[in-house]
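Student: I've got this model open and I'd like a close look at one part of it. Could you pick a spot in a helix, walk me through what surrounds it, and then work outwards from there?

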Amino acid sequence: HKTLPEINQDSARLDSVELYPFVQYIRAGFSGIMTGHLSIPALDNQSHLPTSLSPQIVTNLLTGELGFGGLKFTDALVMKGASAGKQSICVQALLAGNDVLLSPERPEAEFAAIKKAIANGTLSQKMIEEKCLKILRYKYITGLNNYKPIRIKGLKDRIQTSETDWLIQKLNEEAITLLKNKDNLLPVKQLGSKKIATVSLGANEKTAFQETLDLYGAFDHFQLPAKATESQISAIFNQLQKYDAVICGIHSNKMRDYAGLQALAQKKEVHLCFFIAPHLLTDYEKSIKGAESVTLAYENTPYSQKAAAEIILGGLPAKGKLPVAIASLFDYQTGLSTQKVRLSYQLPKEAGMSEATLRKIAPIVEEGIRMQAFPGCQVLVAKNGKVVYNQSFGYFDYAGTHPVENTDVYDLASVTKAVATVPAVMKLYDTGKIKLDDPLSKQIPLLQQTDKYKITIRDALFHQTGLASFLPFYMLLIDAESYEGPLFSNKKTTVYRLEYDKNTYMRTDFKFLPDRVSNTPKAGISKQVADHFYVTDDINDWAIRDIADSQLRKEKKYLYSDLNFILLKEVVENVSNQSLDVFLDQQLYADLGANYTEFLPLRTIAKEKIAPTENDRFLRNQILIGYPHDEAAAVLGGVSGNAGLFSNANDLAKIGQLFLNKGTYGGERFFDESTVKMFTHTQNSTGRRSLGFDKPNQKNLTFSISENIFGHTGYTGTCWWVDPDNQLIYVFLSNRVYPSRQHTQLQEQHIRERIQSIIYEAIK
């Protein structure tokens, strides 16, 4: 736009590279070609004119040698690279052989100059008529002699299809170029141990770049508008000083290399990403030389921003090569490579799946919402390390008060076993701190003088301990003297009015033990179970005593039991000297970027982002938001081995991919490959389960599924399945027990299973 670029290649190189695509276009029948404003001495070293005004190139080369008979367009003649000296630029363009002259700077003056050139014989009337006739022929060919207005409605959808979206995204992913990567700090690692900020220069609001980064971890975001004042600029860069690393996107050519950015790049781990033309990088020379990494995305579109963010975080590998030299900074063809180490977010086509088939998921979900199987849900599908479907449906409740978003979290119920307790046990096994045949009593002294002293960690993972399926720990809180008769009945009466579950009715005229329950925290009673509901701090010991004193079945055959995983949680905590939630956050979730995966989520997640589970009218007398639905997990203070974890589908996909990667994610190893294989493939002899993981009940499925799939389901309406044979992850999260657990249509209509069958159909 401002200069005349020069291409100093010889004719052999030009024929084999630069001109090659045009030869193919002409052979394929293209009917229009534009000539750019360039200086190419090998093609014309006599006229000293830009290619667009050169008869040697427009007529002799394009028409004569290459045989092009279509319309010849100039590039915009207003550009500085187009210069005909003192002569009329449009006259010169016509003499060169062009048919269509684009955007002259002074149209009226140029029109007059053309008429004068015809009058004095410089241009012939016949030439003008031939060009006019040629243009009219093409108008006729395109149907403009029978003009019909284009139907505007739906035009965007007809032009921009999923195929074009895929192609545009693919082009961006292949082109984006990593120019600098000091100490191989990209992809960014150690998400859990670094405090990372992002700043978008030239943006007024959160950018697509920042929104994509959010898919990978927890970042604090800043924006600096193009018209920012000096005080705003200073304030932003002062705030960024407190972070360990800063990812900086430059989104506008109106920005500059601020002194604050230069200083930041000297002191901190700074990653620069440019969404501007390559030659503008010279304006940022000082910051570029101080930065740890430099990525060039070329243009400021949502597609380029998404691709750049994924490359920086390792969802995509860096592949691009610089198509030009950037003076004093980077040579032509510079381009570093990186590996894909995290999930990427793609269209189904990229993973070889049918988008049309996956669209069948939505009607199944909508049917479930209509039937009140659940008020809303999240559904995620990932294949080959690519999330190809991640959608939220419905609302938190049937009143429609909060539409479900992908970042909202759900009570996972028993999925906790597979994505919390089992990984914790795996970590301790991996580091040699426990053995699977160690007795639980080795770490739980209360079991040592009981008939349970020989139960091993392996037995508990397989659910073959002989323990009961559950114990009503809430009875530890209730004053047995405050009511007469049983607490529940299989018939509804004036006493047993509350329907608790199918054919189960509860009384509510009981009272809690004042030395174990309080509506405010106080000394010795500070473990929170719900809003205004606190229990005794030693409730965990009481519960373990209950398990120790419980009756053991004579045979240790398979029986699914929450008690097994409550005991496994005790093992983890006693070996690690940390509570289960702290241990998992430090050893797993933080570095995975699973920042929405939490026990006791109200500590870090806004209440408005947590789906309610049940309106508990029996024990806690409130709508449960952020507290476990499961009574055992709740009574134990919200951190338990059987239930209590909250998460969203995107975070669970990261955990699933960790297992598909055989123990690695984000370029870091979390488990030994042999440990992953043993826990996910070893199956017990009396049931379908592997070590802590569930396997689908093949008898209840109407479609074929891999025998190596593992995962878990949850009582609140959740499931998490990982299929190593197909490199597939399927997550379904809902709050089907809201407002009450009488909503059983999810199971009865096999909604989760029907969605899963669609996923496998989409692969085929």
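Tutor: Let's start with Gln657, which lies in helix H22. Keep in mind that this is a predicted model. Is Gln657 buried or exposed? Gln657 has a relative accessible area of 5%, and the cut-off for buried is under 20%, so Gln657 counts as buried. As for what Gln657 touches, leave aside its neighbours within four places in sequence, and the contacts are Leu343, Gly385, Thr664, Tyr665, Gln727 and Ile729.

Now for the helix itself. H22 spans residues 649-660 and packs with helix H20, residues 580-592, at an angle of about 105 degrees, the axes being 10 Å apart. That angle makes H20 roughly perpendicular to H22. On the H20 side the contact is made by Leu588, Tyr589 and Leu592, and H22 brings Lys654, Ile655 and Leu658. Sort the residues of this contact by type and you get five nonpolar, no polar and one charged.

Follow H20 and you reach another packing partner. Helix H16 (residues 415-430) meets H20 at about 70 degrees, with their axes 10 Å apart, which makes H16 roughly perpendicular to H20. From H16 the contact takes in Val419, Ala420, Thr421, Pro423, Ala424, Lys427 and Leu428, while H20 supplies Leu580, Phe583, Leu584, Gln587, Leu588 and Tyr589. By type, the residues here divide into ten nonpolar, two polar and one charged.

One of those H20 residues, Leu584, gives us a handle on another part of the chain. The C-alpha atoms of Leu584 and His251 are separated by 38 Å, and the two residues are 333 apart along the chain. Where does His251 lie? His251 is in the loop between S6 and H11. With a relative accessibility of 6%, His251 is buried as well. Not counting residues up to four places away in sequence, His251 touches Ser200, Leu201, Gly202, Thr207, Phe209, Phe275, Ile276, Asn300 and Gln305.

Strand S6 (residues 245-250) runs parallel to strand S7 (residues 269-274), and six bridges join them. Pick Ile247, and its bridge partner in S7 is His271. S6 and S7 belong to an open sheet of six strands with mixed pairing, in the order S3-S8-S7-S6-S4-S5. Strand S3 (177-181) and S5 are at the edges with a single partner strand each, so one side of each has no neighbour in the sheet. Direction ignored, neighbouring strands of this sheet are turned by 15 degrees against each other on average.

Two of those strands also meet helix H10. The buried residues of H10 pack against strand S4 (196-201), strand S5 (220-224) and helix H11 (259-267). Which residues of H10 are buried? Within H10 (residues 230-239) they include Ile233, Ile236 and Phe237. These three cover an arc of only 90 degrees around the axis, so they sit on the same side of H10. Ser231 and Asn238 are exposed, on the face of H10 turned away from its buried side.

One last stop is a hairpin. Strands S19 (residues 527-530) and S20 (residues 533-535) run antiparallel, joined by three bridges. Lys527 stands opposite Val535 in S20. The hairpin has two residues between the strands, and His532 takes a positive phi near 60 degrees.

Technical notes
Residues numbered from 1 in each chain as written. Predicted model: local features only at pLDDT ≥ 70, side-chain atom pairs only at ≥ 80, totals over all residues. Heavy atoms only, no water. Axes fitted to C-alpha atoms, helices over the stretch in contact; angles between N-to-C directions. Helix = DSSP H or I, 4+ residues; strand = E, 2+ residues; numbered from the N terminus. Parallel < 35°, antiparallel > 145°, perpendicular 65-115°, else oblique. Contact = heavy atoms within 4.5 Å. Nonpolar A, V, L, I, M, F, W, Y, C, P; charged D, E, K, R; others polar. Buried < 20%, exposed > 50% of the residue type's maximum accessible area, 1.4 Å probe, protein only. Arc of directions from axis to C-beta. Pairing = 2+ DSSP bridges.
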